[in-house]
2 protein chains.
Amino acid sequence: MRRLHVDLRSGLALVGTLLALLSIAFVVPIVTALLYGGEDLWVFVVSMVGTAGFGLLLRRLDPNPTPGAREAFFVVAFTWLFAAIFGALPYVLAGTGAIAHPVNALFESMSGFTTTGATVMETISVEEHSHAIMLWRQLTQWLGGMGIIVLAVAILSQLAVGGAQLMEAETPGPGVSKLTPHIAETARVLWLAYIGFTLVYIALLYGLHLTGYAPEMDAYNAIAHGFTTLPTGGFSPEADSMAAFSPAVQWLVIPFMFIAGVNFVLWWHMLAGDRTALLDDTEFRFYLGAVTAMTLVLAAVLAVTASDVGPETGLESSLRHAAFQVVSLTNSTGYASVDFDGWSGPAKALLLFVMFLGGSTGSTGGGIKMLRWLVILKSLRREVFTSIHPEAVRPVRMNGQVLDEDAIRGIYAFTLLYVAIFLVGILLLAVDTARIGYDIGTIDLVSASIATLGNIGPGFGVVGPMAGYGDFPESSKLLMILYMWIGRLELFPVLVLLTRAYWRS
Amino acid sequence: MRRLHVDLRSGLALVGTLLALLSIAFVVPIVTALLYGGEDLWVFVVSMVGTAGFGLLLRRLDPNPTPGAREAFFVVAFTWLFAAIFGALPYVLAGTGAIAHPVNALFESMSGFTTTGATVMETISVEEHSHAIMLWRQLTQWLGGMGIIVLAVAILSQLAVGGAQLMEAETPGPGVSKLTPHIAETARVLWLAYIGFTLVYIALLYGLHLTGYAPEMDAYNAIAHGFTTLPTGGFSPEADSMAAFSPAVQWLVIPFMFIAGVNFVLWWHMLAGDRTALLDDTEFRFYLGAVTAMTLVLAAVLAVTASDVGPETGLESSLRHAAFQVVSLTNSTGYASVDFDGWSGPAKALLLFVMFLGGSTGSTGGGIKMLRWLVILKSLRREVFTSIHPEAVRPVRMNGQVLDEDAIRGIYAFTLLYVAIFLVGILLLAVDTARIGYDIGTIDLVSASIATLGNIGPGFGVVGPMAGYGDFPESSKLLMILYMWIGRLELFPVLVLLTRAYWRS
Ligand SMILES: [K+]
Ligand SMILES: [K+]
């Protein structure tokens with residue numbers, strides 16, 4: 001082991017500790033199973049014991065793990081991978097439906113922990129699957145969201161890859177060389193906001209139910225959707241996603257989806273008393289502006305082609321569905337208020353466009369993200385200027401600060417890598433589906449690549465919001481598991497593990 | 001005028017000189033009209049006189065124009081714009097079919113001079129339009145190709161935008177501060193190769209006709225297609241493009257399309273006796289490798305789904321259509337050997353993928369181009385490495401030379417700008433088509449954006465190889481005219497003209 005420059009023992013021990021902590025989460029489906037007649041109770045007990053046991057075993061590799069920045073890549077990548085693997089246990093053990101197959105189970109679990117929300121289930125219903133299984137599926141996204149906030153704010157900023165060092169100035173607490181104390185401190189304050197929003201949201205959803213505005217939104221559904229909105233997850237125990245609920249519910253979901261796409265550090269500043277923290281932030285204004293503008297454009301498009309919207313028509317309906325889908329697909333939530341796959345080509349093209357935007361940095365949203373686009377646009381403006389004045393030195397500023405040129409280069413590299421991986425995804429999925437003669441549309445393949453890499457979930461056609469990824473060959477599913485994993489961890493933590501340099505030099 | 005920092009007089013005078021030279025090209029349709037009974041003869045005489053007159057008038061602004069690097073942006077952008085405008089005159093004056101409408105005429109003419117090959121014609125036939133008109137349409141692409149070679153090799157490399165300075169080392173002749181002498185020298189040697197290939201190609205096409213392998217490839221068709229292959233243009237006087245011709249013709253077209261996508265500086269080196277110039281060049285090997293690999297992949301996909309290929313089946317047919325479409329859409333030619341819009345979703349997804357590649361730098365091909373992708377891939381590898389070793393200094397090399405970091409940044413910026421403009425194109429086309437209730441598919445919109453920006457021509461659905469852009473609203477057509485123009489000139493020459501800094505500071 002001495003030839004390795006990575007402290008494997010320390011890293012694996014930390015992964016083990018995190019897995020052992022994760023195993024506590026099985027309490028939720030266990031309680032659920034007890035409430036609903038004990039169905040699948042043993043499944044979760046076994047999963048809990050297995051996860052805790054494996055985690056504690058790993059932990060014994062190093063009783064006092066102190067991983068450094070180098071190990072962070074490894075810890076991040078393997079925590080998500082092991083969480084997905086052990087989170088898939090209940091699906092396999094319960095043995096019900098398509099997700100009993102190991103590849104499908106891993107797909108569904110990775111889709112959960114990465115808050116993607118892509119599904120391979122054939123029947124999404126508490127009739128076919130137990131309440132406990134369906135709630136576990138929701139919970140994986142909420143847990144994934146907790147991890148992402150910490151990853152985005154505390155860890156990636158330390159690794160300074162893909163321009164993430166821009167986040168550094170904004171993180172609460174002093175920067176420290178070892179990751180663990182910094183993570184603990186940051187996690188505590190940001191999780192307060194995350195948990196607070198979740199509780200308020202569940203209460204409001206259930207409030208709509210109690211006041212008669214949401215007959216279908218019972219306590220189970222309120223909790224289930226409470227688990228998948230703040231993490232921009234998008235899983236629903238209803239096959240029709242948010243189309244199964246009343247307009248009142250849909251109007252309530254929109255602002256909470258929006259909240260989930262905001263940098264949680266800003267929420268922390270707001271809660272700490274800085275009332276202008278949101279509007280002072282350039283990225284927030286860009287996010288708000290983009291979502292508002294695209295909503296108005298899509299609403300206009302839907303109003304012109306009223307038949308697209310669904311059973312209802314009229315301005316309210318156009319506006320609601322436009323705002324819902326724009327927010328949902330911009331910040332990678334993936335909920336649907338209507339089967340938007342039935343919309344006109346131009347309306348769907350607008351949705352495809354927003355899929356490339358992504359949430360804010362420091363949010364639970366996936367994708368390229370607002371800050372990166374903003375830096376790219378500012379720096380491209382500079383590039384045009386310097387092509388006229390090659391001698392000019394003109395820094396790029398954000399929130400009044402001059403941006404480091406290395407960070408700009410990191411953002412350029414991240415975005416190009418993202419686009420390249422997206423394009424290669426189209427290529428690989430096309431070849432693999434053709435291999436088994438799977439009849440799939442071109443736009444379906446395009447959307448499947450961006451919807452998995454961007455942790456969005458639904459796309460168009462066979463991967464539309466009321467459909468799923470079940471019919472893809474297993475090799476495609478494995479590729480998309482990789483894509484969800486790579487995309488969620490912002491590419492570099494997984495990619496560096498594939499290099500010799502990481503392990504040997 | 002003294003407040004301007006751009007020497008407008010000098011620039012416009014040079015544009016005028018080039019327009020006056022362009023007017024000589026009308027001799028070709030005039031001779032054609034005389035050969036075919038004089039139809040539309042007056043149209044071309046008037047166009048020739050008008051173009052020459054306007055050009056000579058502009059030229060009087062400055063009898064001895066000496067534009068510098070600053071004016072080069074202006075000269076390049078306006079030469080193409082004026083060429084498109086005066087090249088549209090014959091369509092309007094002839095008054096036949098859809099292209100008699102000014103917007104359509106400008107679209108068809110810009111599509112010609114930018115070697116895009118997108119068409120708004122309703123009936124592509126020498127029955128509806130005169131032989132002279134149809135040959136002028138072909139000739140605009142050949143003339144555009146001549147301009148592009150000079151633009152790509154001699155001008156853009158001097159402007160050092162979008163990483164074009166990488167070309168500088170390879171250009172024949174010494175670098176000089178004033179553009180004109182350098183252009184003249186470079187143009188001479190590269191045009192020799194361009195004209196030589198065209199003549200050999202026409203001779204071989206007609207040879208196939210004389211030997212009975214290509215009944216439809218008469219002298220008119222051989223010349224017409226000779227005008228649109230080396231410039232990666234893709235216009236054809238046949239509505240069915242290359243599907244109207246025999247397999248023998250298609251097999252001959254493939255290598256000449258491939259040649260058109262190679263850096264013409266390499267052909268110059270080869271003709272000058274350096275027999276290994278091609279294979280010594282990294283970009284050429286990358287181009288050859290990409291096209292070969294994608295051909296094999298697509299042929300396999302087509303062989304699995306044999307019904308896709310068309311009336312014929314079998315290995316030869318799969319391989320021919322695969323090679324044809326891959327070369328044609330990779331380097332932006334846009335010819336079709338079969339209506340590939342009828343192919344399966346996966347097969348079309350492969351074609352969409354190659355549309356993002358582009359030809360080689362210094363070729364007549366459009367798009368992002370091989371060299372940029374190669375530099376991006378090499379530099380992303382470096383980025384992954386330095387994310388592990390932040391202290392490491394590791395230059396990116398190409399053909400054994402260390403690349404300038406500014407050039408790499410320029411390539412990053414170019415490619416991101418390209419992707420951003422492509423995405424915004426989807427958005428704008430979607431809104432504009434929805435406005436008039438045009439029933440168009442999502443993938444049609446996606447492909448229309450890349451096919452015009454990338455100067456490819458055909459895409460999928462309503463813009464498929466056997467269809468066209470005629471049904472778009474005029475506003476969309478104007479947008480796509482802009483996209484063809486911007487894309488062809490490698491973004492910056494047009495974009496800088498839109499900034500205050502170019503004109504005032
Ligand atoms: K999602
Ligand atoms: K073309």
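1. The model is predicted, with local features requiring pLDDT of at least 70 and side-chain atom pairs counting only at pLDDT 80 or more, while totals for chains, interfaces and linings use all residues. Residues are numbered from 1 along each chain as its sequence is written, chains are lettered from A and ligands numbered from 1 in the order in which they are written, and side-chain values use heavy atoms, with hydrogens and water left out.

2. N331(A) sits in the loop joining helix 14 (315-330) to helix 15 (345-355) of chain A (helices are DSSP runs of H or I, at least four residues, and strands are E runs of at least two, numbered from the N terminus). With 0% relative accessibility, N331(A) is buried (under 20% relative accessible area; exposed is over 50%, partly exposed in between; 1.4 Å probe, protein chains only).

3. The side chain of N331(A) forms a polar contact with that of T333(A) at 2.6 Å (a pair of N or O atoms within 3.5 Å; within protein, one must be able to donate a hydrogen and the other to accept it, and residues adjacent in sequence count only if both atoms are side-chain atoms). A polar atom of the N331(A) side chain also lies 2.8 Å from the backbone oxygen of M257(A).

4. In chain B, the potassium ion (ligand 2) is coordinated at 2.4 to 2.9 Å by O atoms of residues including T232(B) and I456(B) (donors are N, O and S atoms within 2.8 Å of the metal, or 3.2 Å for Na, K and Ca; water is not among the atoms, so sites may look incomplete). T232(B) lies between helices 8 and 9 and I456(B) between helices 17 and 18 of chain B, so the pair ties together parts 224 residues apart in sequence. T232(B) is buried at 0%, and I456(B) at 1%.
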